[in-house]
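Hi,

Here is the structure I promised to pass on.

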Amino acid sequence: MADGEASIRSRADDARIDFVLAGIVAVVVIFGTWVELTYSQDPVPPAVGAYAIAIAASAVLVFRRRAPVLVSVATLVLVYGYHLVGYPGEAPGIVFFVAFYSVTAHGRGLRTIATGLALVVAAEFLSVIPPNPVPWYSPAVIAPAASMGGAVLIGAVVRQRRLEAESRTAQAAHDRESALREHMAAERLLIARDLHDVLAHTLSVIAVQAGVALDALDDDPEQARKSIQAVRTAARDVLPGLHETLRALRGESTSSPAPQPGLAQLAGIAEKARASGLNVRLELPPEHAGLSAFLELTAYWIVTEALSNVMAHSDAANVTAAVTVQGPDLHILVADDGRPVSPGTGGFGLAGMQERAQLAGGTVQAGTTAAGGYCVEARLPLGEP
């Protein structure tokens with residue numbers, strides 16, 4: 001819509017420019033005609049005809065952009081008529097400069113140069129035919145012809161530069177659109193990864209607790225109640241983040257975005273895992289370890305995803321989640337004592353952990369341990385990624 005409106009405004013501006021130009025040329029041509037009629041030594045036909053031809057030849061310039069060749073032919077016919085009727089001088093011929101320039105400036109293809117030069121030759125025949133012939137080699141013939149030829153070439157140069165500018169503009173617009181598409185694709189991947197990280201953990205907790213509630217429903221109603229409450233809590237906790245992400249997908253601004261999670265929130269994640277029956281040993285670095293918010297966020301999601309995989313895909317009873325500073329790296333270790341009982345430990349979750357680690361300049365490795373359990377190990381450099 002915006003491009004269409006801009007195109008309409010551009011055409012309106014061009015039309016106004018052509019009207020003004022035609023008016024200026026008409027004033028000059030009428031004044032030149034008056035001078036020639038006033039100071040002519042020979043009898044002349046009625047002046048009203050001369051002024052009518054001068055106005056008509058100037059008026060057709062309004063259409064010089066849409067039909068430059070037809071406008072040039074029309075000016076030739078009118079000025080030839082002016083000459084053949086017997087009016088002195090060639091004041092209406094001033095319109096040739098604008099008309100012939102427009103042939104190459106607003107025409108199409110290289111042949112417009114040949115067309116423009118042919119029109120110049122046709123215009124100069126005015127000076128060498130009766131009733132007031134002039135030798136073709138006279139300066140009165142050569143000088144106007146050279147000037148009109150120059151106007152034709154100038155129009156060709158202007159057209160070429162305009163096409164180059166339009167090409168650069170189109171290329172710049174294409175580059176911006178490509179960059180925007182790439183940015184949007186990257187944003188969609190980022191949002192998909194965040195959604196997976198949030199929902200995978202929450203749904204793992206819900207699935208485990210729902211299973212516990214179902215098993216304990218008859219024999220231990222109190223345990224079933226606690227599991228159902230844990231399901232409700234997990235669902236309630238994930239809803240704000242999910243709503244935030246959906247608002248971002250819809251392009252809606254959020255006045256108070258939720259703070260990014262960090263290592264401090266891992267205690268709550270571990271507590272949810274414990275509520276599902278998993279014995280979790282959590283080890284974190286000191287609160288003032290000097291870790292950046294980005295590094296804490298990366299570590300948070302890696303530990304959360306690893307714990308989610310344990311709850312969803314393993315029969316482990318114990319798991320250790322340790323985040324420690326080891327030399328120049330932040331070391332992350334999530335190891336359990338179980339074995340995979342369902343597929344998925346190496347799927348999108350592991351890919352998401354690897355992507356997050358790569359963004360931080362680190363690495364992630366995962367696999368079975370010598371004791372038969374499963375281990376996720378990551379190393380993230382403490383410096384800027």
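Predicted model: local features only at pLDDT ≥ 70, side-chain atom pairs only at ≥ 80, totals over all residues.

**The whole chain**

The protein chain has ten helices and five strands. Of its 385 residues, 36% are buried. I also looked at contacts between residues with a separation of 6 or more, and 69% of those in the protein chain come from residues 24 or more positions apart.

I'd start with helix H4, which covers residues 95–105.

Helix H3 spans residues 68–85 and packs on H4 at an angle of about 155°, with the two axes 8 Å apart. Because of that angle, H3 is roughly antiparallel to H4; the cut-off for that label is over 145 degrees. The crossing of H3 and H4 is left-handed. On the H3 side, the contact uses Pro68, Val69, Val71, Ser72, Thr75, Leu76 and Val79. These meet Val95, Phe96, Ala99, Phe100, Ser102 and Val103 of H4. By type, the residues of this H3 and H4 contact are ten nonpolar and three polar, with no charged ones.

Is Thr75 buried or exposed? Its relative accessibility is 0%, so Thr75 counts as buried, given that the cut-off for buried is under 20%. Leaving aside residues up to four places away in sequence, Thr75 touches Ala57, Val60, Val95, Phe96 and Ala99.

Val85 also belongs to helix H3. With a relative accessible area of 48%, Val85 is partly exposed, because that class lies between the 20% and 50% cut-offs. Val85 and Ala50 are 35 residues apart in sequence, and their C-alpha atoms are 9.1 Å apart in space.

Now for the other partner. Helix H5 is residues 111–124, and its axis comes within 8 Å of the axis of H4, crossing at roughly 160°. That angle is why H4 counts as roughly antiparallel to H5. The crossing of H4 and H5 is right-handed. From H4, the contact draws on Phe96, Phe100, Val103 and Thr104. From H5 it takes Thr112, Ile113, Thr115, Gly116, Leu119, Val120 and Ala123. Sorted by type, the residues of the H4 and H5 contact are seven nonpolar and four polar, and again none is charged.

**The sheet**

The five strands make an open sheet in the order E1-E2-E3-E5-E4, and the pairing is mixed. Which strands stand at the edges? They are E1 (279–283) and E4 (363–368); each has a single partner strand, so one side of each is left without a neighbour in the sheet. On average, neighbouring strands are turned by 10° against each other, with direction ignored.

Going through the pairs, E1 runs parallel to strand E2 (residues 318–326), and five bridges join them. Asn279 stands opposite Asn318 of E2.

Two helices pack on this sheet. Helix H8 (residues 266–275) touches E1 and E2, and its direction makes about 165° with that of E1. Helix H9 (residues 293–313) touches E2, E3 (329–336), E4 and E5 (374–381). The direction of H9 makes about 10° with that of E3.

E2 and E3 run antiparallel, with eight bridges between them. E2 and E3 form a hairpin with two residues between them. In the turn, Gly327 has a positive phi of about 65°.

Cheers

Technical notes. Residues numbered from 1 in each chain as written. Heavy atoms only, no water. Axes fitted to C-alpha atoms, helices over the stretch in contact; angles between N-to-C directions. Helix = DSSP H or I, 4+ residues; strand = E, 2+ residues; numbered from the N terminus. Parallel < 35°, antiparallel > 145°, perpendicular 65-115°, else oblique. Left-handed = near helix turned anticlockwise from the far one by under 90°. Contact = heavy atoms within 4.5 Å. Nonpolar A, V, L, I, M, F, W, Y, C, P; charged D, E, K, R; others polar. Pairing = 2+ DSSP bridges. Buried < 20%, exposed > 50% of the residue type's maximum accessible area, 1.4 Å probe, protein only.
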